[in-house]
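Welcome! Here is a short tour for anyone meeting this structure for the first time. Have a look at the picture, then read on.

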Amino acid sequence: MAHHKTPETSSGEQKVFSYLAEYSTPHALVEACKAVRDAGYKKWDAYSPFPVHGIDPAMGIRPTILPWLVLGAGLTGMLLGLVMQVALNGFEYPWIISGKPLMSIPAFVPVAFETTILLSALTAFGGCLVLNKLPDLYNPLFKKKRFAKATDDKFFISIESDDKLFDEHKTKTLLERTHPTVVEAVEDDRHVNAALPKGIIYGLLIATFVSFVPMARIALARYSKSPDAPLNLVTNMDYQEKYKTQQSTAFFSDHRTMRPPIPGTVSQDDLALDDHLSRGVRAGTNDEFVADFPPQFQVSAAAMHRGKERFEIYCAPCHGQAGYGDGMVARRAEELSEGTWVPPTSLHDAPLADKPVGYFYNVISNGVRNMPGYASQIPEMDRWAIALYIRALQRSDAGSVEDVPSNQRGALK
Amino acid sequence: MSAVSHAEMMRDNTIDDPTQRAPLLTDDSSFGDVTQAVAGVAEAKPPIGWLLGFGVAACGALMLVSCIGWLIWMGVGVWGNMTPVAWAWDITNFVFWVGIGHAGTLISAVLFLMRQKWRMSINRFAEAMTIFAVICAAIFPGIHVGRAWLAYWLFPIPNQMQMWPQFRSPLLWDVFAVGTYATTSIVFWYFGMIPDLATLRDRAKSKVAKIGYAIFALGWTGSARHWHRYERAYLLLAGLATPLVLSVHSVVSFDFAVAQLPGWHTTIFPPYFVAGAIFSGFAMVNTLAIPARAIFKLEHLITMRHLENMNKVILATGMMVGYAYAMEFFTAWYSGNPQEVFAFTNRAFGPYWWAYWTMVSCNVISPQFFWFKKLRTSIPVMFVLCIFVNIGMWFERFVITVTSLHRDALPSSWAYYQPTHIDIMMLIGSFGLFFTLFFLFLKFLPIIAIAEMKTVMPQAHAHGDHHGGPATAAHAHTAGSH
C-alpha cells in the first residue's frame, strides 16, 4: 500500500482523518453527542443505522431549507404546467374542442397539478441528495471494518481533524469520557492521486464533441428545406399495399385495376329523357339546337339574376364580365404569350351572336375546343339561366339608346 | 388496567387491548437480528420456491414480450377489439394494473402521514408492487395506440409536424398523471431504499455485489446530518404522493367519466375508482405478502396483525365499492334518462350478465367474510378471498369498459366482444412480467425497510431510561409514539 501514501506522510506518522468512537445504544450516542456539541466542535458527525430520535438538538442540527426548495419547485412546476398548456393550445397550436375557449383553464388543472407534484417530488429527492453531498464517491470512514456496522446495529461519532479545535490528544480524551466501546483514529488517505489517465480524459472529451455531430445534423435538417420525402422508419403509410385506379394488375384479363361498368349501366343522373331540357336539341336529333327555352325553365328576373351570378363565377374569368373574351385568365395568357392558348371567343361577334340558345346550353354542358364542359359543376337549370344571361348580354351589346327606358337614359352620359 | 399480558400480546398481536399498543414485532429481536432477517434473504441462496416461481413468471413475461412483438408486427387487429367495442381488454388491464399500484402508495405515503407504524414491515413490498404494477399498466395504452413507435406523440415534444398534444383531453391528463405517478413512485421507493442498500453494501461478501449495492447506495453513511434531511425529504415525498395517488385514479376515471357514453358519464367515478384501486391493491399486497413471509420466514416482522389490518381495509373499501355499484343504478333510475336506464339494466341482465355478477360476488359478497375475526386472521381464508377480490376488480373494469360500449347508440352496430388468444396470453403475460420483477426484487433488494423497522423497536428510543427486558421495553414503545 506504499503508493497510497503522500510524500509528506512517512510510514511512521499516519495523517489522521478523524477520531471514531463506537457506541452500542442510541441512548449512549445521544449523550455523547451532547458532550461533543458542548465542547464546541463543528466538523463532526454521528452515524447510526436509523434516524435516532432526539439527536438533532443533541448535535445542534438546524432545520434544513429543503421544504422551501420543494415549495419553490412546486410553484415553478404549476406555473410551467399552465404556461405550457396555454402556450401550446392557446397560441402555438390552437384547437377548438367541444366549443370550449382556447384557454380553458379548468381543463388545464389536471396537467398543471401533475407537473406541480412531479417537480416537487424530484426536488425533494434531488435536493436531499445535493444538500447531503451525495453521491459521495469516497469516504475515509469506509476503510474501517468496524464502521460497516453503522448500517447495522452500532452507533458512531467521528470528529474530523479539519476542525479548528481538533487536537489528537484532547479529542481522543473527550471521546473516551463519553463511554464508547472503542475509540480509534481513522487514517486519512484522501490525498492519493486518483486522477484518471490522460488518455481516458482526452478520449472522453473527443467522444463528447463527436456526440454533438448527430444532434447538429438533426438541428440542421429541422431548420432547412429539402425536396426529399421525410424519412420514416416504418414506411407502411407511405407505400400501402393497395391498387389505385390507373395501375395494372395480373388479376383481371384486361390488366386494369379499375373495373368498367357492366354494359347497359346508367348512372341515376345520366337519365336524360328530355332532349330539349337536358341536351338543348330538338327531340330525337343530335345537332338541331333549340332556339327557345325548355318549358320547365321559367324566364324571369330571378332566373336572370341567377344566370348573371353563375356567369360571373364560372364564365367571366375567361370570357370577361361582358362576354368579350377578355377575362383575367385570357388577358394573363396573352401577356405571357402562351403558345398553346386558344383565346375565348367573344359572345358578341359573328358566329356566336347568331347561334340559338340551345347551342350555348350545349357548349356550357359539354365544352368546345379548349373549353371544358361544366355539366358536372353546374346543374341543368343554372346552365339555362346562364344561357339566358348570355342572351341578355348579346342584346345589350347590339342595343341602341332606344332600348334603354327613357327615365334612365340620363345615367348613360 | 392491562387485561392482556405482554407475553400474550407477543404470541398473538391481533388481540385488541386499548390500554397498550400491540407490538409490531412478535419477538424480542435486536437491531442486528432485524438486519440479519431481511438482508439474509438477499444474501442467502434462493429457496427452491423462489427458483420455481421465478422460472414460471419469466416464461409468462417472455410470452408477453412475444405477444407485444406480434401485435406491433401485425397491428391491433390481433386483439378482439372491434367497432363498437374499441376499448376492451387493453384498457381493462391498464386500469386494473394502475389500480393495483395504488395500495403501495397508500401504505407508504398515506399511512406514513397518519403515523400508522404498522405499515413499516409491508411498505417496501407495497411500493415495489406499485412500481411493477405501473410498468404493467403503462404497456397497454402504449401498444393500444396501434402504431406503438409513434407513442411519443403523447408527450409535448417539439416535432417536425409542428403538432402539439390536446391538453383538454382526459387521455392526455392520463399521460401526465401516470407518468408523474410512475416517476414519483420510483423516486419514493428508491429514496426509501438508500439506507438499506447501504446495509447490503456493508454486508456484501462478493465484489460484484459490493460494487452493485455501493453504486445504488450513493455512499450513504448513516450520518445524523444526512438522516435529518432524509427524514424531512421522506415526509415531503409522502405528503406529495398522497394527493398524487388520489389524483391518478381520478384522472384514470376521467377517461370514462368525461365521455358522453351512458354507463361512463357519471360524476361518482373518481371516488369510486379510487376506492376500488385501494381495495384491489390491498388484496394484491396480501396475495404477495402471505407466500413471501412464509417462504422467507418473516412471520415475526410481517405479523398477523399486519394482515388483519389490511383485511379490515379491504372490508371497508369493498363496502365503498359495493355502495358505488348500488348508487350507479339508483342514479340511472333517478335520472329518468332512458339511455342510462338501459345501459345499467343491460349491464346486469344483458349479454354480459355473467361478468357483472362475477364482479358483484367477488367484490361485494366475498369481503363480507372479513367481518369475522376468525376468518380475517385465517391465512387460507384471506388468501382465497384476496384472490377473489383481484378477480372481481379485473371484472369491474371489464364490465365498465365493455358493457358500456357493446350496445352502441345505433342498434345495427350492436355486437358481442370476445377476446382472442392474444388478448388472453397478454393478460397472463402481464402477470408474468409483474411476478418476474417481483421475484427479482425479493431476491436482490431489501424487502423490508430495515432502517425504518429499527425505529419502531423498543430499543430505538434513546431518550427513555428503560434498558431492561422485554416487559419494560414494550412500555417504552407504548410511550414512544411521536
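## A strand and its partners

Strand E1 (residues 16-23) of chain A pairs with E3(A) in the antiparallel sense, over six bridges. Helices (H or I, at least four residues) and strands (E, at least two) are DSSP runs, numbered from the N terminus, and two strands pair if DSSP finds at least two bridges between them. Within E3(A), A:Ile159 is the bridge partner of A:Tyr19.

E3(A) also runs antiparallel to E2(A), with four bridges joining them. Here A:Asp45 has A:Ser158 as its bridge partner, and A:Ala46 stands opposite A:Ile157.

## How the model was made and read

This is a predicted model: local features need pLDDT of at least 70, side-chain atom pairs count only at pLDDT 80 or more, and totals for chains, interfaces and linings use all residues. Residues are numbered from 1 along each chain as its sequence is written, while chains are lettered from A and ligands numbered from 1 in the order in which they are written.

pLDDT is the predictor's confidence in each residue, from 0 to 100. Chain B has a mean pLDDT of 87, and 91% of its residues reach 70 or more. Over residues 464-482 of chain B, however, pLDDT stays under 50. The scores of the model are ipTM 0.89 and pTM 0.78.

Which order do the strands take? The open sheet of chain A has four strands, in the order E2-E3-E1-E4, with antiparallel pairing. E2 and strand E4 (182-187) of chain A stand at the edges with a single partner strand each, so one side of each is left without a neighbour in the sheet. On average, neighbouring strands of this sheet are turned by 20 degrees against each other, direction ignored; axes are lines fitted to C-alpha atoms, for helices over the stretch in contact, and angles run from 0 to 180 degrees between N-to-C directions.

H1(A) packs on the sheet and touches E1, E2 and E3 of chain A. Two residues are in contact if their C-beta atoms, placed from the backbone, lie within 7 Å.

## Buried residues and cores

Strand E3 (residues 155-160) of chain A is mostly covered, with six of its six residues buried. A residue is buried if 20 or more other C-beta atoms lie within 10 Å of its own, exposed if 12 or fewer, and partly exposed in between, with C-beta atoms placed from the backbone. A:Phe155, A:Ile157 and A:Ile159 point one way from E3(A), while A:Phe156, A:Ser158 and A:Glu160 point the other way.

A:Ile157 is also among the residues with the most contacts inside the largest nonpolar core, which has 190 residues. Such a core is a set of buried Ala, Val, Leu, Ile, Met, Phe, Trp, Tyr and Cys residues joined through C-beta atoms within 7 Å. Helix H8 (residues 224-257) of chain B gives the most to this core, with 17 residues.

## Where the chains meet

The contact takes 65 residues from chain A and 54 residues from chain B. On the side of chain A that touches chain B, H4(A) provides the largest share, 17 residues. The residues of that side divide into 43 nonpolar, 13 polar and nine charged; Ala, Val, Leu, Ile, Met, Phe, Trp, Tyr, Cys and Pro count as nonpolar, Asp, Glu, Lys and Arg as charged, and the others, Gly among them, as polar.
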